[in-house]
Amino acid sequence: MIEVKNLYKSFGSLQVLRGLSLNVEDGQVVSVIGPSGSGKSTLLRSINLLEQPTYGEIWLDGKLITPPDPYLHFDVIRASNTYKKLKAAGGKSDEELIADIKKNDLLKKHEGSEYAAMLKDITGKNFQSTNEVREKVGMVFQHFNLFPHMTVLDNMIYAPTTVKKIPKDQAIERAKQLLDSVGMLEKIDVYPGTLSGGQKQRVAIARALCMEPEAVLFDEPTSALDPEMVKEVLDVIKKLATTGITMVLVTHEMGFAREVSDRICFLDQGILIEDAPPEVFFSTPKSERARIFLDKVL
Ligand SMILES: Nc1ncnc2c1ncn2[C@@H]1O[C@H](COP(=O)(O)OP(=O)(O)O)[C@@H](O)[C@H]1O
Ligand SMILES: [Mg+2]
């Protein structure tokens, strides 16, 4: 349901993601692991449209959620004047021409307003709005990101009633069920400031589920917690993993990742180095870099 195609992301001269491709099927649980600074958060934030890719595309349920990348559409490249000119000059194969055009960013350099028209055409055929994406994909952050000035209940029903326009009584009903499922119903009327880290994170998970998302992205959901609170949060995520919801999880909890994941994706310096079932990855990592990483964390 989530397709990341050749994703590049730079902040100024810092290249954080460097051509990352990843497919997550419906109902899969994928853990993304890797050293600090390898681009894990940037990947999740890109999927939830908190960052815009420099190059590449992200598709959700067959719809494009990022601006289109003309270099991923060979028909677009072939329709360009740049291609036609180079083709007419002769001497190179089709593959070589397309590779040259991509490598040297020639569409951006030469196509002018036609370039914009190409992009608009792809967008028009496939586009999904930011709100639709945020309804489908929930996100849980390391630092919970609850609204401090709202009670637990108001945190829960804010997005469903404003973005999704669900009637308030219905949203409250669902919020209660979800709070109950994470063991937080009795805290429904308190403010987040009075909760422990583990409790805040359980509320944040329930809040993400209020939108009835198809997928939830977790960015180090237990990294900011005191050790004695990690388990209560992992237990909630574990239970969720069995419900058939799609999950992408950035975590440093290797035992947990091994237990709940269908796949482990190992990222280093913005590149997806390994993508394997947990049994395979943890017992026989293919790359030296993964072995070094595992030696440090296991
Ligand atoms: N908004 C930003 N502006 C500039 N640099 C950023 C920004 N976000 C992340 N970075 C940098 O990108 C790199 C990767 O960050 P991140 O995706 O958070 O890695 P990870 O989650 O794997 O630790 C880091 O060097 C970080 O400092
Ligand atoms: Mg991070």
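Does Gly-39 count as buried or exposed, and at what relative accessibility? In this predicted model, Gly-39 has a relative accessibility of 6%. Residues under 20% are classed as buried, so Gly-39 counts as buried.

The surroundings of Gly-39 can be followed from there. Gly-39 sits in the loop that connects strand 3 (29–33) with helix 1. Apart from neighbours within four places in sequence, the residues in contact with Gly-39 are Val-16, Leu-17 and Leu-267. Val-16 is 23 residues away from Gly-39 along the chain, yet 5.6 Å separates their C-alpha atoms.

Helix 1, which covers residues 40–47, leads on to a sheet. This helix lies across strand 1, strand 2 and strand 4 (55–60), and its direction makes an angle of about 120° with strand 1. The sheet is open and has four strands, in the order 2-1-4-5, with antiparallel pairing. Strand 2 (14–24) and strand 5 (63–64) each have a single partner strand, so they stand at the edges and one side of each has no neighbour in the sheet. Strand 1, made of residues 2–11, runs antiparallel to strand 2 and is joined to it by eight bridges. Within this part of the sheet, Tyr-8 is found opposite Arg-18 of strand 2.

Another part of the structure to look at is the largest pocket. Its volume is about 500 Å³. The lining consists of 21 residues, and those nearest the centre of the pocket are Arg-134, Met-139, Ala-159, Arg-207 and Met-211. Two or more lining residues come from each of helix 7 (130–136), strand 6 (137–140), helix 8 (152–162) and helix 10 (197–209). Helix 8 contributes the most, giving five residues to the lining. By residue class, the lining of the largest pocket has 14 nonpolar, five polar and two charged residues.

The protein has 298 residues, and 50% of them are buried. It contains 14 helices and ten strands. Along the principal axes, the C-alpha atoms fill a box of roughly 75 × 50 × 35 Å. Of the contacts between residues at least 6 apart in sequence, 64% join residues that are at least 24 apart.

Conventions
Residues are numbered from 1 along each chain as its sequence is written. Chains are lettered from A and ligands numbered from 1 in the order in which they are written. This is a predicted model: local features need pLDDT of at least 70, side-chain atom pairs count only at pLDDT 80 or more; totals for chains, interfaces and linings use all residues. Side-chain values use heavy atoms; hydrogens and water are left out. On a 1 Å grid over the protein atoms alone, a cavity is a set of points where a 1.4 Å probe fits but cannot get out, and a pocket is an open set with protein on both sides within 12 Å along at least five of seven lines; lining residues have an atom within 4 Å of a point. Grid points are joined across faces, edges and corners, and a volume is the space filled by probe spheres set on the points. Ala, Val, Leu, Ile, Met, Phe, Trp, Tyr, Cys and Pro count as nonpolar, Asp, Glu, Lys and Arg as charged, and the others, Gly among them, as polar. Two strands pair if DSSP finds at least two bridges between them. Contact means heavy atoms within 4.5 Å. Axes are lines fitted to C-alpha atoms, for helices over the stretch in contact, and angles run from 0 to 180 degrees between N-to-C directions. Buried means under 20% relative accessible area, exposed over 50%, partly exposed in between (1.4 Å probe, protein chains only).
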